[in-house]
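Subject: Handover of a structure and notes on its contents

Dear colleague,

Please find below the structure that I am handing over to you. My notes on it follow, and I would be grateful if you read them with the structure open.

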Amino acid sequence: MSTIRSVWWAATIPGAKAPFDTAHLRVYYPAAPDGSDRERLSGVMAADAEGAPFPVALIISGVNVGQEGYRWLATELAAKGFVAVTFDWVGTLFGGMHGITPGVDLDAARPDGYGKRPTCPSLRPVLDALRDMTGPLDGLLDLDRVALIGHSAGGTVALQSARFVPEVKAVVTYGAHTMVATMLGWPAGTVLPAQVDCPVLLLAGENDGVINGSADRYGEDPATRKDPITRTFTEALPPGPHQMVTLPGANHFAIVHPVDHTAARAFLDREASTDPAVSRETLSGLIGDFLHHHVRNEPC
């Protein structure tokens, strides 16, 4: 069993107004404890450089879902030979509210702006900050091999932004799609083409209540509307070795542990009919295999 440790870093988001212009990163890595005084006094362990340089898996949260909810996945991915990164950016949400956000450039999501630039303004600053990071991972990151793993809104902006970040070699999403709100000026039922030029793994939960609770944004007739994740898989992705997997009995927050019921929209979710621990084990295996194959170029 690998020893997994983490360190913190920060990134400034250009164009955001202080104090809402800083993302706080947590970076998980395989460690090599050495029992030294330096380790004992600082609490920082050296990286296990045997697997270096490490590809990076950047986990992009859903709205108002704190990065601690993805710690379980970050540690699993670090144990599989990746450096996993989570981040909290408290920024501006819809309607002038503030909260944890992956960042959404609304103008880039409108008809006259879509496809011209990323809808997610945090991706480039976070990856650039990792290039400047000092500490136990200095010189050990392979930032030319990056995977984006997005949950909910974080998955949507990953699908809308990946091709503008050429380091990205794979995209994984859970509970995310590219159907777009009519309030942004799109016709009802529009599924936007994903801005990706790499393999995509779309993951969904059979008991997702949050996507269903948001369906009125898209202007469709409730009697005839179709699952937006399936539509994204069949209509939005360019040709490629993409995969879609629906987890039996899993809900929208199956990828989050523990679920914080004081924030976000877990109150809209349906009850899971599969043990969440089983769903997390399935997710870890699926994501790990996909990234090993498409990011590390290893057989599944």
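Which residues line the largest cavity? The lining consists of N64, V65, F253, V256, V259, D260, A263 and A264. Please keep in mind throughout that this is a predicted model.

**Empty space inside the protein**

Rolling a probe the size of a water molecule over the atoms shows where empty space is left. The structure holds one cavity of 30 Å³ or more, and the space in the largest cavity comes to about 40 Å³. By class, the residues that line this cavity are six nonpolar, one polar and one charged.

The largest pocket holds about 1100 Å³ of space. Its lining is made of 45 residues, and V63, F94, V104, A153 and R217 are the ones closest to the centre of the pocket. Sorted by class, the pocket lining contains 27 nonpolar, 14 polar and four charged residues. Three elements each contribute at least two residues to this lining: strand β4 (83-92), helix α4 (153-161) and helix α5 (210-213). Helix α4 provides the largest share, with four residues.

**The protein as a whole**

The secondary structure consists of seven helices and nine strands. Along the principal axes, the C-alpha atoms occupy a box of roughly 65 × 45 × 40 Å. The radius of gyration is 19 Å, which agrees with the value near 19 Å that a compact globule of 300 residues would have.

Of the 300 residues, 52% are buried. The protein exposes about 13200 Å², and 53% of this area is supplied by carbon and sulfur atoms. Contacts also link parts of the chain that are separated in sequence: among contacts between residues at least 6 apart, 71% join residues at least 24 apart.

**Two helices to examine**

An α-helix has 3.6 residues a turn, so residues three or four places apart point the same way.

Helix α3 spans residues 123-132, and its buried residues are L123, P125, V126, L127, A129 and L130. What do the buried residues of α3 pack against? Their partners are the strands β1 (3-12), β2 (22-31), β3 (54-60), β4 and β6 (141-151), together with helix α4.

Helix α7 covers residues 276-294 and includes S284. Is S284 buried or exposed? S284 counts as buried because its relative accessibility is 6%, below the 20% cut-off for a buried residue. Apart from its neighbours within four places in sequence, S284 is in contact with W72, E76 and K80.

**Details of the backbone**

Most residues other than glycine have a negative phi, and most peptide bonds are trans. The points below can be read against that background.

- A cis peptide bond joins A18 and P19, with omega about 5°. P19 is located in the loop between β1 and β2.
- A cis peptide bond also joins A52 and P53, where omega is about 0°. P53 is located in the loop between α1 (37-42) and β3.
- S152, a residue other than glycine, has a positive phi near 55°. It lies in the loop between β6 and α4, and S152 counts as buried because its relative accessibility is 18%.
- N297 is not a glycine either, yet its phi is positive, at about 55°. N297 belongs to the segment after α7 and is exposed, with a relative accessible area of 64%.

**The segment after α7**

P299 is also found in the segment after α7. With a relative accessible area of 72%, P299 is exposed. How far apart in space are P299 and D289, C-alpha to C-alpha? The distance is 8.3 Å, while the two residues are ten apart in sequence.

Yours sincerely,
A colleague

Notes
Residues numbered from 1 in each chain as written. Predicted model: local features only at pLDDT ≥ 70, side-chain atom pairs only at ≥ 80, totals over all residues. Heavy atoms only, no water. 1 Å grid on protein atoms, 1.4 Å probe; cavity = no way out; pocket = protein on both sides within 12 Å on 5 of 7 lines; lining within 4 Å. Points joined across faces, edges and corners; volume = space filled by probe spheres on them. Nonpolar A, V, L, I, M, F, W, Y, C, P; charged D, E, K, R; others polar. Rg over C-alpha atoms; globule rule 2.2 N^0.38 Å. Buried < 20%, exposed > 50% of the residue type's maximum accessible area, 1.4 Å probe, protein only. Contact = heavy atoms within 4.5 Å. Areas by Shrake-Rupley, 256 points an atom, 1.4 Å probe, with all protein chains shown as cover.
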